[in-house]
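Welcome! Please take a look at the sequence and the 3D structure below, and keep them at hand while you read.

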Amino acid sequence: MKVAVGSDHAGFALKEAVKRELEGLGHEVVDRGADSADVSVDYPDYAIAVGEDVAAGQVDRGVVVCATGIGASIAANKVAGVRASVVTSEQTAQLTRQDNDSNVLALGAKTAPSIAEALAWLRVWLETPFAAGRHERRVNKIRDYEAHHLKP
């Protein structure tokens with residue numbers, strides 16, 4: 001799987017851990033930045049870049065990281081075709097893939113209990129397939145709305 005990753009300065013250390021984990025699992029990683037924890041940068045720049053990679057089909061999925069994951073998920077979700085979800089447990093990681101077919105994972109560097117737990121959530125998210133069925137009808141409603149109401 002090809003995965004784009006991006007973070008702001010607050011999420012840099014966790015993004016780097018995510019990159020190592022993805023590579024260790026055999027995935028190809030596209031790093032959209034940031035390049036350091038030392039310089040303050042704006043999470044929308046990186047989250048939108050990851051979202052655009054996903055929406056364009058240049059990567060299979062994306063991971064965005066900021067202090068809480070919330071801002072990065074909001075920014076990524078502005079890109080049509082992105083379903084970014086903040087994950088806070090193994091259960092939310094599983095359900096966002098299973099029920100919502102999320103294609104961008106958002107993690108909070110300051111809210112995850114530890115890097116190890118955030119990486120466990122990442123693994124669950126990567127391994128969980130979309131259940132389709134009744135959930136597909138709901139995801140298709142989102143796609144239909146985007147197609148008819150969002151500007152390209």
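Here is a short tour of some helices, salt bridges and backbone details. Keep in mind that this is a predicted model. The structure holds 10 salt bridges, and the axes of two helices, H4 and H5, come within 8 Å.

**Two helices side by side**

- Helix H4 covers residues 90-98 and helix H5 covers residues 115-127; their axes cross at roughly 25 degrees.
- Because of that angle, H4 counts as roughly parallel to H5, the cut-off being under 35 degrees.
- The crossing of H4 and H5 is right-handed.
- On the H4 side, the contact is made by Glu-90, Ala-93, Gln-94, Thr-96 and Arg-97, while H5 brings in Ala-120, Trp-121, Val-124 and Trp-125.
- Sorted by class, the residues in this contact of H4 with H5 are five nonpolar, two polar and two charged.

**Salt bridges across the chain**

- Glu-28 and Lys-2 join their side chains in a salt bridge, with an N to O distance of 3.9 Å.
- Glu-28 sits in strand S2 (residues 28-31) and Lys-2 in strand S1 (residues 2-7), so this pair links distant parts of the chain, 26 residues apart.
- Both partners count as partly exposed: Glu-28 has 47% relative accessibility, and Lys-2 has 27%.
- Another salt bridge brings together the side chains of Glu-21 and Arg-123, at 2.9 Å from N to O.
- Since Glu-21 is in helix H1 (residues 12-24) and Arg-123 is in helix H5, this pair ties together parts that are 102 residues apart in sequence.
- Arg-123 is partly exposed, at a relative accessible area of 28%.
- Lys-15, Glu-16, Lys-19 and Asp-31 are linked in a network of salt bridges.

**A look at Asp-101**

- Where is Asp-101 placed? Asp-101 is in the loop between H4 and S5.
- Asp-101 forms a salt bridge with Arg-143, and their closest N and O atoms are 3.6 Å apart.
- Arg-143 belongs to helix H6 (residues 134-149), and the two partners are 42 residues apart.
- Is Asp-101 buried or exposed? Asp-101 counts as buried because its relative accessible area is 14%, and buried means under 20%.

**Val-139 in helix H6**

- Val-139 is found in helix H6 and counts as buried, at 3% relative accessibility.
- Leaving out residues up to four places away in sequence, Val-139 touches Arg-83, Asp-99, Asn-100, Asp-101 and Phe-130.
- The C-alpha atoms of Val-139 and Ala-109 are separated by 28 Å, and these residues are 30 apart along the chain.

**Backbone details to look for**

- Most residues other than glycine have a negative phi, and most peptide bonds are trans.
- Gly-33 and Ala-34 are joined by a cis peptide bond, with omega about 0 degrees.
- Ala-34 lies in the loop between S2 and helix H2 (43-55).
- Asp-101 turns up again here, as its phi is near 50 degrees, a positive value in a residue other than glycine.
- Ala-132 has a positive phi too, near 60 degrees.
- You will find Ala-132 in the loop between H5 and H6, where Ala-132 is partly exposed, with a relative accessible area of 21%.

Key:
Residues numbered from 1 in each chain as written. Predicted model: local features only at pLDDT ≥ 70, side-chain atom pairs only at ≥ 80, totals over all residues. Heavy atoms only, no water. Axes fitted to C-alpha atoms, helices over the stretch in contact; angles between N-to-C directions. Helix = DSSP H or I, 4+ residues; strand = E, 2+ residues; numbered from the N terminus. Parallel < 35°, antiparallel > 145°, perpendicular 65-115°, else oblique. Left-handed = near helix turned anticlockwise from the far one by under 90°. Contact = heavy atoms within 4.5 Å. Nonpolar A, V, L, I, M, F, W, Y, C, P; charged D, E, K, R; others polar. Salt bridge = Lys/Arg side-chain N within 4 Å of Asp/Glu carboxyl O. Buried < 20%, exposed > 50% of the residue type's maximum accessible area, 1.4 Å probe, protein only.
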